[in-house]
Amino acid sequence: MRLLLIRHGETVHNVASVYAGVTDSALTNHGVLQANRLAAHLAATNVKISHIFSSDLQRAFKTAEAIRVAQSTAPTETTKLEVLREQDFGFYEGKSFIERPRDGNKSGKAAHQDEHRNDPGFTAVESKDSMKTRSDTFIDMHLSPLLKQVPEDGTVAVVAHGIILSHLWRTFLKRFHPSKVSVGQGIDTPGNGFSLEHLGGWSNTGYLDLEVKSVPAKDTATTAESTGTAELAEKSRPSEDKSDLPQNPSIPPPTLSAMAQPSTQFLDMSLVVRAVNSKEHLIGLKKTRGGIGSLQHDASQKTVDSFFKKRRTE
């Protein structure tokens, strides 16, 4: 089974450098073009999507719908789920991006939060533990049942947001025994100290391409207690949590280190990373000049354009 973890197209909040986690930010005209490019690319390369999930926020859902309807045999619907929403930025929702202080190693938002967390009316940013819980919920309730149900040539697509996708990926990765995880040839890893848990950010409509296969039971490690192998670490580095802003996938991830094994049972499956932040579909796509590409997309404009084209041909 193939699994695609996809970020939505460009939004008006991306362009404005404004925090948009649970804020229902709209796609720009360029964001719609990105989504359509991705949809056409997947269809043209014979990617057969049997199930597609998305955040219930419009930027993710509309990107997912573009992908769904472009399929020759489209899934009956896109499953919208609140658990796939972006990190809730609390007090910072809808506010401009905060720069990192020059005299510290904390992000601008983290430093501001430390200073103001006790102010009246201040709402904290959603925690990493909360996002991990949401990721586990999605995997257990929606993704795991499909791992052996979807055929090898089938694909499951998940369309969401940069930060929650990073947490979803790390949570999913920990379900596999380290010896059953590999990276495909030709993958451009982002810098030295490459870590599977920290693959870099997601560009707008960039996607993580994964392949999941069953393995013989004799080759499967059953529990963490039965192995002495350490997994790749989730080791934080000072960085700005960029909400739903465009993310830079070229920033080197943290170095590898050991961590304790989870107490859950590993899946009797193998995992191959086929592509990281794949953007092949965006080659040659340029933003419309004059600020038009950055404007909020108006679905009715297509109807207007078609009307005038029709009049010119009469």
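The following questions and answers examine how features of this predicted model are classified.

Q: What is the overall make-up of the protein in helices and strands?
A: The protein has 7 helices and 7 strands. Along the sequence they follow the pattern β-α-α-β-α-β-α-α-β-α-β-β-β-α. Of the 314 residues, 45% are buried.

Q: Why is the pair of F172 and F176 called edge-to-face?
A: The ring centres of F172 and F176 lie 5.1 Å apart, and the limit for a pair is 6.5 Å. Their planes stand at 80°, and an angle over 60 degrees counts as edge-to-face. The pair is therefore edge-to-face.

Q: How do you know that F172 and F176 are buried?
A: Buried means under 20% relative accessible area. F172 has a value of 2%, so F172 is buried. F176 has 0%, and therefore F176 counts as buried as well.

Q: How many aromatic pairs does the structure hold, and what makes the pair of Y19 and F89 tilted?
A: The structure holds 8 aromatic pairs. In one of them, Y19 and F89 are 5.5 Å apart from centre to centre, with 35° between the planes. Planes under 30 degrees apart would be stacked and those over 60 edge-to-face, so the remaining range is tilted. The pair of Y19 and F89 falls in that range and is tilted.

Q: What makes Y19 and F89 a link between distant parts of the chain?
A: The two residues are 70 residues apart. Y19 belongs to the loop between α1 (12-16) and α2 (29-44), while F89 belongs to the loop between β3 (79-81) and α4 (108-116). Both Y19 and F89 are buried. Ring pairs also link Y19 and F89 with F91, Y92, F97 and F122 into a cluster.

Q: Why is strand β1 described as mostly covered?
A: In β1 (residues 2-7), 6 of its 6 residues are buried. R2, L4 and I6 point one way, L3, L5 and R7 point the other way, and all are buried. In a regular strand, side chains alternate between the two faces of the sheet.

Q: How do you know that β1 pairs with β4 and β6?
A: Two strands pair if there are at least two bridges between them. β1 and β4 (residues 154-160) run parallel and are joined by 6 bridges. β1 and β6 (residues 207-214) pair in the antiparallel sense over 5 bridges, with L5 opposite L208 of β6.

Q: Why is N204 called buried, and where is its place?
A: The relative accessible area of N204 is 8%. The cut-off for buried is under 20%, so N204 is buried. N204 is in the loop between β5 (181-183) and β6. The C-alpha atoms of N204 and I6 are separated by 8.5 Å, although these residues are 198 residues apart along the chain.

Q: What makes up the lining of the largest cavity, by residue and by class?
A: The count comes to 1 cavity of 30 Å³ or more, and the largest cavity has a volume of about 40 Å³. Its lining consists of L199, G200, G201, W202, L208, V276 and N277. By class, this lining has 4 nonpolar, 3 polar and no charged residues.

Terms used. Residues are numbered from 1 along each chain as its sequence is written. Side-chain values use heavy atoms; hydrogens and water are left out. On a 1 Å grid over the protein atoms alone, a cavity is a set of points where a 1.4 Å probe fits but cannot get out, and a pocket is an open set with protein on both sides within 12 Å along at least five of seven lines; lining residues have an atom within 4 Å of a point. Grid points are joined across faces, edges and corners, and a volume is the space filled by probe spheres set on the points. Ala, Val, Leu, Ile, Met, Phe, Trp, Tyr, Cys and Pro count as nonpolar, Asp, Glu, Lys and Arg as charged, and the others, Gly among them, as polar. Rings of Phe, Tyr and Trp (its six-membered ring) pair if their centres lie within 6.5 Å; planes under 30 degrees apart count as stacked, over 60 as edge-to-face and the rest as tilted. Helices (H or I, at least four residues) and strands (E, at least two) are DSSP runs, numbered from the N terminus. Buried means under 20% relative accessible area, exposed over 50%, partly exposed in between (1.4 Å probe, protein chains only).
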